[in-house]
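Please look at the sequence and the structure first, then read on.

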Amino acid sequence: SDHMENIYGYLMKYTNLVTGWQYRFFVLNNDAGLLEYFVNEQSRHLKPRGTLQLAGAVISPSDEDSHTFTVNAASGEQYKLRATDAKERQHWVSRLQICTQHHTEAIGKNNPPLKSRSFSLASQGSANSPGVQRRPSQNAVSFFSVGHHRLPAGKRVPIMQPDHLVDVREMMSQAEGQQRDLIRSIECLPVSGHLTSLDQDLLMLKATSMATMNCLNDCFHILQLQHASQQKGSLPAGTAISWLDPKISLANHFKNGAAQNFPAEVNKPASVREEQSIAEPCQLTRETEEINPDEELEDICDDKEDDLGAVEEQRSVILHLLSQLKLGMDLTRVVLPTFILEKRSLLEMYADFMSHPDLFIAITNGTTPEERMIRFVEYYLTSFHEGRKGAIAKKPYNPIIGETFHCSWRMPKSDVATDAGSNFSAHSSSEQVTLSKDREGQTELDYYTVKFVAEQVSHHPPVSGFYAECIERKMCVNAHVWTKSKFLGMSIGVTMIGEGLLSLLEHGEEYTFSLPCAYARSILTVPWVELGGKVNINCAKTGYSASINFHTKPFYGGKLHRVTGEVKQNMTNTVVCRVQGEWNSVLEFTYSNGETKYVDLTKLSVTRKRVRPLEKQGPFESRRLWQHVTESLRDGDIDKATEHKRALEEQQRNEERLRAETETPWCTKYFLKDGDGWVYHKPLWKTVSTVQTQQTDSN
C-alpha cells in the first residue's frame, strides 16, 4: 500500500528546443492512473496543464544522464522529465511503473480478447462499389487476410511468456509476408487498362496495409519492452520507445504516379550527409553584395495559389507516396511531388511576412515600453495572413544551400502611426551620412526604407537566416529558422525551430520571439493550413512579455485558426492587453483601460515589396535560381517543372559530394554562426555602436 500512495513534487519538463526545460509541479494520482502537472504547487487546485493516462504506458530511464527519464503514454504522447538527482529519479520511476502495471492489468481483466473472426478487405465494400464492379472475380483474401484468435478458456496468463512472444513474432512474419505479396501483386499490374497499378482503391489498400504493419511492429516492440520490465523488475537503463525504421526505401520519388530513380539522400556517404551539421563555421569568404534599393522595382508578380484542380488530379501520386511513409517519419529528406509546390522559395515566404512595414516601423514609435510591446504583438499577429498565398496548403521550394533573397519596402512617412509626444530623436549629421551612405547624398526623404535579406545557411538540417532593418528608425530584426517536418497520417506537421530578435536601438530594447508550428491538413482531399502551438515574446530590459496560443481545431466543433494571447508586466504580474480572434480574419485587442480595437486582416493594406529584375539578380538569388520551375508551374507543365527541379537538386548533391571529398567546409555569404544560431554579418546594432564610438573618439 505504501508503493501505491500518491506522490507529488517538482520536476523539470522538456518543452522544445526554444523553450527548453521548465520546472513544473507533478502529481501521481494512483487511484485514477494519471500523471498530472501544474505550473506550480499553488495552482494545484486549478485544472492541470497536462495529463497522461498511465495504463499501457512505458516508463524509461534515459542514458543521457542519471537524472532524466521519459513517460511514453499508449496514446503516443511523451513527457521527458528530469529529477534533481539519481535517487529522486529512481523514486519517481519505480512509483510510476507500479501504477502503470496496476492499471494496465486492470484494463486487461475488464476487456477480454475479441472473438475469433476473419475477414477480407474487399468484402467490406458493397456489391455496387466501383472496385467490386471492376474485378468481380478477384478475391482479396488471396491478397491479404487478418485473423484474431482467442486462447482456450482458462489459458489466459497475466504475464506473457517468452514462447508466446515467439508465436506473435511468427504470426507477424506471416502477416508481413502476405503484405509483401499484396504489394507485389498490385505493382505487377499494368500501368494502363481496365485494372491498373495506379487504381486509387489499390493505392489506398497499399497505404493502409503498410500503416497497419508498421503499427503492429511498434506494438510488438512495446510488448518486448514490457516483458523485459516484468522479467527484471524494472526497465534497463537507457531503454526508450522509438519508432521502427520504415519497411520500404524512399529511394524513389514520384512524378505523375510513376516512380523515378532519383538519387537518394540515404545512399550518400555519411561524410556527405553530416557535413553541414558538423562542419566548423568558417568566416565569410564568398563575396557579399550590397544591394542598391534604387535598382529594385515594385513587384508585379502575383502568383495566387488557389487552383485546387491539380491536387485532385494527382491524388494517386499522394496515395502512392503515403503507402511508403511511416507515422512520425521526418520528411526533411523526402522529396515531395512537384505539383504541390508554391511558385516561390521558402526564403521569399519569410519576406512576405514583412508585408505590413507600416506596422513594423510603428513599433518603435510607441512612447512607453508597454505600448511598444503591444505594438509588436499587433504586428506579429498580422504577419501570418499575408505570408500564406491562398487557402490551399502548398509547399514553397526548399532553398538550395547558399540561396539568397533580397527585397525592400518603401513606406511613406505619413502612413506610419506616430504619437504626438513621441521622443523621435533626430540623427546627428555625421551619423546620418554614415548610416545612409547608400543614398548618394540624400539627407531627407519622404519615405522609410525597410531592407530584407535571407540566406539558406545549412542544408542538413535545413536552416534559413533572415534579417530586416530600417536604418532611419534604428530598428532591425534577425532570425534563424530550422524547418522540421513530420508525417502525421492524414496531415503533415512543420515545426519552426529557432529564435528571432527584434532590436529597437533608439530605446535600447531587444525582443526575443519564437514561431508557431504549421500543419497541412486533409492532404488526400483539399489540403488546408492551420497554425498551432504556444509562442513567447520577451523583453528582458522592460520586463514585459507576451504569451500567444495558436489553437488547432478540435476533432468535434470549435473554430478554425483561433488565436488567444495576453501581454503582461512580469514584475507586477499585471495583464495589460488581451487578444483573441482568428489569425487570418479578425483580431480583437482589449487594453487595460477598457478600450477595445478590432483589426480586420482581410482589409489591411499590403505594401508590395521591391525586387531587382531577374537580369540584375545573381545566379543564386531565389527568383533567378527557380525561374524555370516557376515558369513551368505557371504553364501547368508539371513534367517540365519536375525536370528543372531535379536538375537543381542534382547539382546541389554533386557540389556537396565535391566538398566532402576535398574536405572543404561550406562558407556562408551574409550570416555567421553564433552559438546555436545565425546572425547577419553587418547588423544595425554593430553599425550604430561603431558610429557612436567614432563620434565619442572625435569629441
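In helix α14, which spans residues 627–634, the buried residues are Val629, Thr630, Ser632 and Leu633, where buried stands for under 20% relative accessible area, exposed for over 50% and partly exposed for what lies in between, with a 1.4 Å probe and protein chains only. Around the axis they cover an arc of only 165°, which puts them on the same side of α14; the arc is that of the directions from the helix axis to the C-beta atoms. The model is a predicted one, in which local features need pLDDT of at least 70 and side-chain atom pairs count only at pLDDT 80 or more, while totals for chains, interfaces and linings use all residues. Residues are numbered from 1 along each chain as its sequence is written, and side-chain values use heavy atoms, with hydrogens and water left out.

- Helices (H or I, at least four residues) and strands (E, at least two) are DSSP runs, numbered from the N terminus.
- The cover over the buried residues of α14 includes β13 (341–345), β14 (395–397) and α15 (638–661), contact being defined as heavy atoms within 4.5 Å.
- An α-helix has 3.6 residues a turn, so residues three or four places apart point the same way.
- After α14 comes Gly636, with a positive phi near 75°.

**Salt bridges**

- The count comes to 19 salt bridges, under the rule that a side-chain nitrogen of Lys or Arg lies within 4 Å of a carboxyl oxygen of Asp or Glu.
- Arg623 and Asp299 meet through their side chains in a salt bridge of 2.8 Å, N to O. Because Arg623 lies in helix α13 (residues 622–625) and Asp299 in the loop between β12 (297–298) and α7 (309–313), the pair ties together parts that are 324 residues apart in sequence, and both Arg623 and Asp299 are buried.
- Glu469 and Lys451 form a salt bridge at 3.9 Å, N to O, a pair that links distant parts of the chain, with Glu469 in strand β17 and Lys451 in strand β16 (residues 447–458), 18 residues apart. At 10% relative accessibility, Glu469 counts as buried.
- Arg473 forms a salt bridge with Glu506, and the closest N and O atoms are 3.2 Å apart. Arg473 lies in the loop between β17 and β18 and Glu506 in the loop between β19 (492–504) and β20 (509–513), so the pair ties together parts that are 33 residues apart in sequence; Arg473 and Glu506 are both buried.
- One network, joined by salt bridges that share partners, comprises Asp299, Arg344, Glu348, Asp352, Lys609 and Arg623.

**Thr596**

- Thr596 is found in strand β27 (residues 596–600) and is partly exposed, with a relative accessible area of 39%.
- Leaving aside residues up to four places away in sequence, Thr596 touches Glu588, Phe589 and Thr590.
- The C-alpha atoms of Thr596 and Cys577 are separated by 9.6 Å, and the two residues are 19 residues apart along the chain.
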